[in-house]
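I opened this entry to keep track of what I looked up. My notes follow the order in which I checked things.

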Amino acid sequence: MKARAVVLAAGKGTRMKSARPKVLHELCGRAMLWYVLEAVRAAGVGEIVVVTNEELDPHLAGFAAPGGIPIRTVIQEPQLGTGHAVQVALAGLSSSSGALLIAYGDMPLVPAATYRRVLEAVDTNVSLALTTARMPLPSNFGRIVMRGPILERIIEARDCSPEELEIDEMNAGIYAYDEGALRGIIGRLSNENAQGEFYLTDTVELLIGSGKRVIPLLEPDYRVVLGINDRVELAAAAKQLNARICEAHMRDGVTIVDPATTYLEPELTLSADVVLQPNTHVGGRSKIGLRSVIGPNSRITSSTIGADVKICESIIVDSAVGDGSTIGPFAHMRGGAQVGANVHIGNFVELKNAKLEADVKAGHLTYLGDSNVGRGANIGAGTITCNFDGENKNRTEIGEGAFIGSNSSLVAPVQIGERALTGAGSVVTRDVPDGARVAGNPAKPLPKKAPA
Ligand code: UD1
Ligand code: CA
């Protein structure tokens, strides 16, 4: 049977000074809590219970469950401490034997491997395995009190004597319990301490006192167990996380010219020999194909970019770019824009819900909205699809090989035929047949060209 997990997230997070619940604050494009759930899932947990409060709980209804594993919430009101939170969670969970992982929702940097280590250490002989870390002092973390090589108890910083505050081995806040053993003692927590709270950390002494084994596992890199309590720590954690994501892609064959100014999110697919130039953001579930060069100063969100693409100083959101195309500088694609292979989109061109077939060129100062553009069409500088009549959005169809003269206004709904031509400055209000040539305002047919 897969282990179960309880993630504690009901604390008020007052130091964020925010109307938004703490664990929903984002780093690298995802909520703090998302990372915790993702790592817990990746550690092999099959079911997650999140302890929430009344403000947080409604937000979790639509919360994307990583890997599709079931997430339930249990509301803890009022919040009487981490031990109380676990009492509330256990009361809401059918009792089961086996391992129960307990994690805190404000620790987004903990890798799955750290959770896996405690889960692997707990069994019928070990009732609790918990993660510790050595840290620079001073620190607000709970102190690990050892007697010789044996763990004796955890003392919260606010309950420590000056000597105990000198201990530099900390309770990270990551626990795997034998659920039966935990249920046996969880009702015996007391709140006689400096904060008047029921501490989960007191389960250590209670388990040891009832003859159970508790083992500490040292995490070598203390930075991964740092929690986030305010926005300064949030920014520091985001920086660390971003560096970690960049490093993973660099090890997989992506060139990142300046990781410090490249901002990546966790669910990207970046192919080998992609180059990310400085000040570039790539987010959502974007995919970038082989050898494509992105940036500088670009933002790609939830988009699919093909191979050998060049995107310079541009913004691409919810869109797709085909192999070998060049975009920018200063282009903006959004709203499901799609360009095929070997398309050129140049300076100050905006594409919204427009589909451009292969080999189209739109080099300068153009707006193509709600449009289909056939293969090889040439869109002159300053072309505008007038897609909005004040009430409705209307479509523009431009046929294969059409030539749209500079500064044409295409008043939708309108169709420009294959290999048709509009003269510079045309205001096209009627459909143009295949091969026809129009000009003027409103655009009228031109005399047929003498055959060459
Ligand atoms: C806790 C540990 C401390 C450890 C530190 C590591 C306890 C008593 N202390 O202290 O030993 O070094 O984490 O970061 O556990 N929460 C609830 N309900 C509550 C109180 C808290 O769900 O009633 C949640 C919070 O939302 C948070 C987590 O539990 O996600 C930890 O609570 P917090 O108050 O931040 O504990 P610390 O004082 O940091
Ligand atoms: Ca904390």
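I began with a term: a residue is buried when its relative accessible area is under 20%. The model I looked at is predicted.

**Helix 1.** I checked helix 1 for buried residues and found Met32, Leu33, Trp34, Tyr35, Val36, Leu37, Ala39 and Val40. That makes eight of the eleven residues in the helix, which spans residues 32-42, so the helix is largely enclosed by the rest of the structure.

**Core.** Next I looked up the largest nonpolar core, which has 133 residues. Ile102, Tyr115, Ile345 and Leu356 have the most contacts inside this core. Helix 1 supplies the largest share of the core, eight residues. I then asked which residues Ile102 touches, leaving out those up to four places away in sequence. The list I wrote down is Val6, Leu8, Val86, Gly173, Ile174, Tyr175, Tyr177, Leu182 and Leu200.

**Ligand 1.** I turned to the ligand and its surroundings. There are 20 residues around ligand 1, and Gln76, Thr82, Tyr104, Glu156 and Asn171 come nearest. Sorted by class, this shell holds nine nonpolar, nine polar and two charged residues.

- For a backbone N or O atom of Leu8, the distance is 2.9 Å.
- For a polar backbone atom of Gly81, the distance is 2.8 Å.
- For a backbone N or O atom of Asn171, the distance is 2.6 Å.

Taken alone, ligand 1 exposes 760 Å², and the protein buries 85% of that. Helix 2 (82-91) and strand 10 (169-178) are the elements that give two or more residues to the shell.

**Cis peptide bonds.** I looked up two of these. The bond from Glu77 to Pro78 is cis, with omega near -10°, and Pro78 sits in the loop between strand 5 (71-75) and helix 2. The bond from Ala412 to Pro413 is also cis, with omega near 0°. Pro413 lies in the loop between strand 33 (409-411) and strand 34 (414-416).

Asp273 has a phi near 65° and belongs to the loop between strand 14 (269-270) and strand 15 (275-276). Asp370 has a positive phi of about 50°, and its place is in strand 28 (residues 361-373). Is Asp370 buried or exposed? I found a relative accessible area of 5%, so Asp370 is buried.

Conventions. Residues are numbered from 1 along each chain as its sequence is written. Chains are lettered from A and ligands numbered from 1 in the order in which they are written. This is a predicted model: local features need pLDDT of at least 70, side-chain atom pairs count only at pLDDT 80 or more; totals for chains, interfaces and linings use all residues. Side-chain values use heavy atoms; hydrogens and water are left out. Buried means under 20% relative accessible area, exposed over 50%, partly exposed in between (1.4 Å probe, protein chains only). Helices (H or I, at least four residues) and strands (E, at least two) are DSSP runs, numbered from the N terminus. A residue is near a molecule or strand if one of its heavy atoms lies within 4 Å of it. A polar contact is a pair of N or O atoms within 3.5 Å; within protein, one must be able to donate a hydrogen and the other to accept it, and residues adjacent in sequence count only if both atoms are side-chain atoms. Accessible areas come from the Shrake-Rupley method with a 1.4 Å probe; for residues, only the protein chains shown count as cover. Ala, Val, Leu, Ile, Met, Phe, Trp, Tyr, Cys and Pro count as nonpolar, Asp, Glu, Lys and Arg as charged, and the others, Gly among them, as polar. A nonpolar core is a set of buried Ala, Val, Leu, Ile, Met, Phe, Trp, Tyr and Cys residues joined through side-chain atoms within 4.5 Å. Contact means heavy atoms within 4.5 Å.
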